[in-house]
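Hi there,

Here is the structure I promised to pass on. Please have a look at it first, and then read my notes below.

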Amino acid sequence: MGRTRRTRIKNKNVARDLNLSSDRDLVYFMQWMTRNGWSQLHKFQVSEFKNTGRGVLTKESVHVGDSLVKIPKKLLITLNSVSQSEHFTKFTDLSNRFSTQQLLAAFLVFQRHLAEKSFWYHYINSLPKTFPIPAFYNFSNDVPDFLSEEISKMLKKMREQYEHFLQSINKRLKCDHCNNSAGSIFDFESFKWAWCTVNSRAVYISPDCGGNLKFQLTDSNCLALAPYLDLFNHSNSAKVKAAVTSDGSYEITTLTDCKKFSQVFINYGQHSNLNLYLQYGFILESNINDVIPLSFPSIVQCTKKIYPNVLNSMNTYVNYISSHSLLKNPSLNLDGLSWSANVIIFILISSNRMNLKSIEFKVYSDDFDDEDLQLIKEIALILIEDKRTELGGFVNQLENQGGALSSGDQLLCHQTSINLIKEYLSILDKCESTFH
Ligand SMILES: C[S@@+](CC[C@H](N)C(=O)[O-])C[C@H]1O[C@@H](n2cnc3c(N)ncnc32)[C@H](O)[C@@H]1O
Ligand SMILES: [Zn+2]
């Protein structure tokens, strides 16, 4: 069979990525970018990918050292843009201090309100309307505790920044364009959308690049929205270099090759799946940054299954563990137990059979003999089984809730929470295999 025919047959079974270059909002967006000094550096095409959603496909090979994008200064939304907008700054009481994310989000709300009258109108139209992140859907009541605590923290921060912003503006002041009051423009739903936009799309810029601002900040001026650059998705294997050039443009250079007709990824940084889920609404398979945290009480509880008296002689040892910060981040990971989990278990099981000096010596010289390792392994396997049962319960609980959800990003967000826990289950399998 000829190669072309074979390829054609193979491709019939593969869902094609959808070319979005004729999407009306994207066409206007690119035309606006071009009018304002941007040009395409490669044969890139915005596409909808089956696994990652909208992203950028390259129709030519891209090589290490190639510049992927260069976004002119004029098109970046930075705190300088915010500070220079008199229509926006007139609402705010400049004696207050604001965070960078809070100001960028509020500015975005205002620009969206201005619609066609905003310079960034076409950029704003290119942005997602919803986000598959749990804080956007207030998911905190329906998920396991370890997730709901993180989601609640995020929601609390978002709420506080919104309330604080609202208190810092003159709510009765009228918008120059439509005569509506500031209070009606800066509503929570719009702020939430804008806050999630900044959270999942802003890039890091060095605070040195910022000029003089009208605002006082609670953090450093280190975020910018970079239209078009924010269409690139993340991969752990992509390596990029970001820089602000002498003319103030934001440029990304790739340090990895990209094959013709493949998706071009950039790197948002080394994130665990939990962090990716909370901040960006997706997770990665076999993410090397992932660990399964263990609490100290859960380690004690599992150790007691073999050493029921472990706590009786524990006070000195618990103090010892705490004072040496060994409690820091005990976890299960792809390579087995973290060092701190190993040490905590070792101390717990040795508290009846060794004095503190000998324990200390072994811990700091990392000199565990075969017998020690065998005893640690027994507890590790109990911990793994315990976690497996707990996580399996969460998957069942979440799968039972799925039917009540509508479609789109909310469903995706829910499905991602299940996938996150399934990833943890697969880490447990790999962790267990290191003991056999
Ligand atoms: C900077 S934007 C990238 C472009 C975005 N996909 C869009 O349609 O505008 C970041 C968002 O893209 C999505 N994303 C990025 N990398 C991803 C990946 N590897 N898998 C799935 N979704 C990803 C997530 O929704 C994330 O919040
Ligand atoms: Zn208005």
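**The shell around ligand 1**

Strand E3 (53-58), helix H9 (188-201) and strand E9 (233-234) each supply at least two residues of the shell around ligand 1. Helices (H or I, at least four residues) and strands (E, at least two) are DSSP runs, numbered from the N terminus. With three residues, E3 gives the most to this shell. There are 17 residues around ligand 1, and Arg54, Ser200, Asn233, Tyr280 and Phe282 come nearest; a residue is near a molecule or strand if its C-beta atom, placed from the backbone, lies within 6 Å of it. By class, the shell has six nonpolar, eight polar and three charged residues. Here Ala, Val, Leu, Ile, Met, Phe, Trp, Tyr, Cys and Pro count as nonpolar, Asp, Glu, Lys and Arg as charged, and the others, Gly among them, as polar.

A word on provenance. This is a predicted model, in which local features need pLDDT of at least 70 and side-chain atom pairs count only at pLDDT 80 or more, while totals for chains, interfaces and linings use all residues. Residues are numbered from 1 along each chain as its sequence is written, and chains are lettered from A and ligands numbered from 1 in the order in which they are written.

**The chain as a whole**

The protein chain has 16 helices and 15 strands. Its C-alpha atoms fill a box of roughly 75 × 75 × 50 Å, taken along the principal axes. Of its 436 residues, 31% count as buried (20 or more other C-beta atoms within 10 Å of the residue's own; exposed means 12 or fewer, partly exposed in between, with C-beta atoms placed from the backbone). Among contacts between residues at least 6 apart in sequence, 72% join residues at least 24 apart; two residues are in contact if their C-beta atoms, placed from the backbone, lie within 7 Å.

**Two helix pairs**

H9 also packs against another helix: the axes of H5 (residues 100-114) and H9 come within 8 Å and cross at roughly 120°. Axes are lines fitted to C-alpha atoms, for helices over the stretch in contact, and angles run from 0 to 180 degrees between N-to-C directions. H5 and H9 are therefore oblique to each other (under 35 degrees counts as roughly parallel, over 145 as roughly antiparallel, 65 to 115 as roughly perpendicular and the rest as oblique). On the H5 side, the residues that meet H9 include Leu104, Leu108 and Arg112, and on the H9 side Phe191, Trp195 and Val198 are among them. This contact has nine nonpolar, three polar and one charged residues.

The second pair is H15 (residues 370-401) and H16 (residues 409-433), whose axes come within 10 Å and cross at roughly 160°. That makes H15 roughly antiparallel to H16. Residues in their contact include Leu381, Phe394 and Glu399 from H15, and His414, Tyr424 and Cys431 from H16. The contact divides into 12 nonpolar, three polar and five charged residues.

**Two loop residues to look at**

Which residue has a phi near 50°, a positive value in a residue other than glycine? That is Asn329, in the loop between helix H12 (315-323) and strand E14 (331-333). Asn329 is exposed, with 12 other C-beta atoms within 10 Å. Asp366 has a positive phi of about 55° although it is not a glycine, and its place is in the loop between helix H14 (356-365) and H15. Asp366 is exposed too, with 9 other C-beta atoms within 10 Å.

Best wishes
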